[in-house]
Amino acid sequence: MAQGAGPASTTSLDDGIVATAETCLAAIGQAREAIHGVIFGQEKIVDLALITILAGGHGLLVGLPGLAKTKLVETLGTVLGLDARRVQFTPDLMPSDILGTEILDEDAERRRSFRFVKGPVFTQLLMADEINRASPRTQSALLQAMQEHFVSVAGERHDLPRPFHVLATQNPIEQEGTYPLPEAQLDRFLLEIDVGYPDRAAERRILIETTGVEDTHARAVMNTEQLLTAQRLVRRLPVGDAVVDAILDLVRSARPEGGDPSVAKKLLWGPGPRASQALTLAVRARALIEGRVAPSVADVKALAEPVLKHRMAVTFAARADGETVTGLIGQLAAKL
């Protein structure tokens, strides 16, 4: 009896994954369309941001001013039905400005007690604008929230909402008055998303559609429960041995110790096991938004740069020879 129950359970589980996937695929397709109706010419950026959220992670958006990074985060919050807040990071921003603080209350009988007032981190989608302008102390406070999904204030634990995502922006120029993110915090970001200039056709559309009397506004397509269902589905999608081996080959080859001989001596430090975990989740999410229920090696190649770029550094000698992290990742991905 027990032996016969095994295959039936497996079949029902597979059927459940397929049924859930069909529902999620329709909702995700509508969400992508709604986002593209507001964000023009950034299809790859939009997909990477969606992958980050579907995989349950945090994203670091790196790009010059005026490239719709803030608009993208606002649109994602609206379309996905998430409670979103924005914090402008400055050098004088304190941890309490993000996490919250305790205030002294007095009731009608003049009895005093402390009450915790939640900060903007208590949201489902937090936009940390110009995160590298905050002091290391403030960055460390946000680091705990990103990793543990709770914060500690005055010795008390306060859980964050579910889901909880941080999409941080960073300006690659104007480095005066900034505090570079430490490696430990960079590693907490699932993807580093480079936001570039739109092409001519996209910029033409931007000029026409955003300078008229009426502006295009995002609309809600999904809700929190649908998003949580999609995130659970991502973790249930099967990953073949060939994809697992490709992830391991890629990540392990990008390390200065035991890595690919052609790049190992050029690396100062490389990705750890968290990069393998991030890539495994990201390739599943990418497969889902492209209408598939299983990732492929092509997904690993496509996501190699955004997953590994912020988890590696080249030596000074390699930089002097013109080597870049992006170039080395391309060399390693091409060997898969």
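Where does Glu130 lie?

**View 1. Glu130 and its backbone.** Glu130 lies in the loop between β5 (125–129) and α5. Helices are DSSP runs of H or I with at least four residues, strands are runs of E with at least two, and both are numbered from the N terminus. Glu130 is not a glycine, yet its phi is positive, at about 55°. This is a predicted model: local features need pLDDT of at least 70, side-chain atom pairs count only at pLDDT 80 or more, and totals for chains, interfaces and linings use all residues. Residues are numbered from 1 along each chain as its sequence is written, and side-chain values use heavy atoms, with hydrogens and water left out.

**View 2. The whole chain.** The protein chain has 14 helices and 11 strands. Its C-alpha atoms fill a box of roughly 70 × 65 × 50 Å along the principal axes. A compact globule of 336 residues would have a radius of gyration near 20 Å; the 22 Å of the protein chain agrees with that. This radius is taken over C-alpha atoms, and the globule rule is 2.2 Å times the number of residues to the power 0.38. Of the 336 residues, 46% count as buried. Buried means under 20% relative accessible area, exposed means over 50%, and partly exposed is in between (1.4 Å probe, protein chains only). Among contacts with a separation of 6 or more, 76% join residues 24 or more positions apart. Contact means heavy atoms within 4.5 Å.

**View 3. The largest nonpolar core.** This core has 71 residues, and Leu76 and Leu279 have the most contacts inside it. Helix α11 (residues 273–289) gives the largest share, 9 residues. The core draws at least three residues from each of domain 1 (21–213) and domain 2 (237–335). Those bounds come from an automatic or database domain assignment. A nonpolar core is a set of buried Ala, Val, Leu, Ile, Met, Phe, Trp, Tyr and Cys residues joined through side-chain atoms within 4.5 Å.

**View 4. Around Leu279.** Not counting residues up to four places away in sequence, Leu279 touches Ile247, Leu250, Val251, Val300, Leu303 and Val307.

View 5. An unreviewed UniProt entry gives residues 269–324 the annotation "domain: ChlI/MoxR AAA lid". UniProt positions are given in the numbering used here, feature names are shortened, and annotations may be inferred rather than shown by experiment. The span is 61% helix and 5% strand, and its end C-alpha atoms lie 13 Å apart.

View 6. His149 lies in the loop between α5 (136–148) and β6 (150–153). Its relative accessibility is 16%, so His149 counts as buried. Phi of His149 is near 60°, a positive value in a residue other than glycine. Beyond four places in sequence, His149 touches Gln144, Asp159, Leu160, Arg162 and Phe164. The peptide bond from Arg162 to Pro163 is cis, with omega near -5°. Pro163 is found in the loop between β7 (156–159) and β8 (165–170).

**View 7. Thr229 on helix α8.** Thr229 lies in helix α8 (residues 224–236). With a relative accessible area of 25%, Thr229 is partly exposed. Leaving aside neighbours within four places in sequence, Thr229 is in contact with Thr20 and Cys24. Thr229 and Arg319 are 90 residues apart in sequence and 44 Å apart in space, C-alpha to C-alpha.
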